[in-house]
Amino acid sequence: MNFSVSALQIPEVLVVRAKKFEDHRGYFMETWSQEVFSAFGVTASFVQDNESQSRHAGTLRGLHFQRPPFEQAKLVRVLSGAVFDVAVDLRPSSPTFREWCAATLRVGEQLYVPRGFAHGFVTLEPNTIVTYKVDALYAPRSEAGIRWNDPCLAIDWPVDPSSIILSEKDGRLPSFSEVFSQPAV
């Protein structure tokens with residue numbers, strides 16, 4: 001088996017580790033197999049790949065999601081550096097609604113975030129590159145987010161909050177309760 005999988009505290013969120021085949025040239029690893037991942041319960045049909053590069057440690061991207069009916073499942077992978085990757089359950093009927101789980105990801109590790117979750121990460125090293133597959137195209141009118149430091153969520157980010165680097169847009173995101181008191185667009 002070229003992959004090992006473990007569930008986080010919210011069992012639908014999975015950490016996937018790819019087996020590296022290394023020799024004097026470097027390494028090779030398989031990063032996606034529809035057949036293998038479906039055996040883990042991942043049935044997403046990915047339609048788009050995205051990539052971000054963050055120059056500085058402490059760069060935070062998120063917490064992002066798309067409102068129904070344009071939710072996205074994501075398979076997040078670190079190409080260089082490291083991130084603390086977070087998923088927040090936004091499914092009102094779920095027993096883990098409003099709970100979050102996280103994993104530190106390095107090269108060769110991935111996080112599967114199913115539909116119905118907000119997603120975000122903070123970089124732990126400079127020049128971190130993250131790529132992720134999504135199973136639905138970006139829908140600008142459905143785009144939404146939650147403030148990274150919302151006390152209602154109490155995410156334990158492993159960086160000094162005063163050193164967080166945010167986009168202007170992420171700095172204006174509403175709280176969890178503001179998002180869930182607003183009607184869907």
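Predicted model: local features only at pLDDT ≥ 70, side-chain atom pairs only at ≥ 80, totals over all residues.
Visitor: Does Ala73 count as buried or exposed, and why?
Guide: Buried means under 20% relative accessible area. Ala73 has 1% relative accessibility, so this residue counts as buried.

Visitor: How far apart in space are Ala73 and Ala44, C-alpha to C-alpha?
Guide: In sequence, Ala73 and Ala44 are 29 residues apart. In space, their C-alpha atoms are separated by 6.9 Å.

Visitor: Which residues lie closest to the centre of the largest pocket?
Guide: The largest pocket holds about 610 Å³ of space. Its lining is made of 26 residues. Closest to the centre are His64, Lys74, Tyr132, Tyr138 and Glu143.

Visitor: Which element gives the largest share of the lining of the largest pocket?
Guide: Elements that each supply at least two lining residues include β5 (48-54), β11 (117-123), β12 (128-134), β13 (143-145) and α2 (168-171). The largest share is five residues, and it comes from β6.

Visitor: How many charged residues are in the lining of the largest pocket?
Guide: By class, 10 residues of this lining are nonpolar and 11 are polar. The charged residues number five.

Visitor: Which residues lie nearest the centre of the second largest pocket?
Guide: About 280 Å³ of space lies in this pocket. It is lined by 18 residues, with nine nonpolar, five polar and four charged by class. Nearest the centre are Phe65, Gln66, Pro68, Glu71 and Leu90.

Visitor: Which element gives the largest share of the lining of the second largest pocket?
Guide: β11 and α3 (176-181) are among the elements that each supply at least two residues here. The largest share is three residues, supplied by β6.

Visitor: What is the nearest side chain of opposite charge to Asp150, and how far away is it?
Guide: Asp150 lies in the loop between β13 and α2, and the residue is buried. A salt bridge needs a nitrogen to oxygen distance within 4 Å. Asp150 has no salt bridge, and its nearest side chain of opposite charge is Arg147, at 4.8 Å.

Visitor: Which backbone nitrogen lies 2.5 Å from a polar atom of the side chain of Asp150?
Guide: A polar atom of the Asp150 side chain lies 2.8 Å from the backbone nitrogen of Cys152. The 2.5 Å distance belongs to the backbone nitrogen of Phe176.

Technical notes. Residues numbered from 1 in each chain as written. Heavy atoms only, no water. 1 Å grid on protein atoms, 1.4 Å probe; cavity = no way out; pocket = protein on both sides within 12 Å on 5 of 7 lines; lining within 4 Å. Points joined across faces, edges and corners; volume = space filled by probe spheres on them. Helix = DSSP H or I, 4+ residues; strand = E, 2+ residues; numbered from the N terminus. Nonpolar A, V, L, I, M, F, W, Y, C, P; charged D, E, K, R; others polar. Buried < 20%, exposed > 50% of the residue type's maximum accessible area, 1.4 Å probe, protein only. Lys, Arg positive; Asp, Glu negative; His and termini not counted. Polar contact = N/O pair within 3.5 Å; in protein donor to acceptor, adjacent residues only side chain to side chain.
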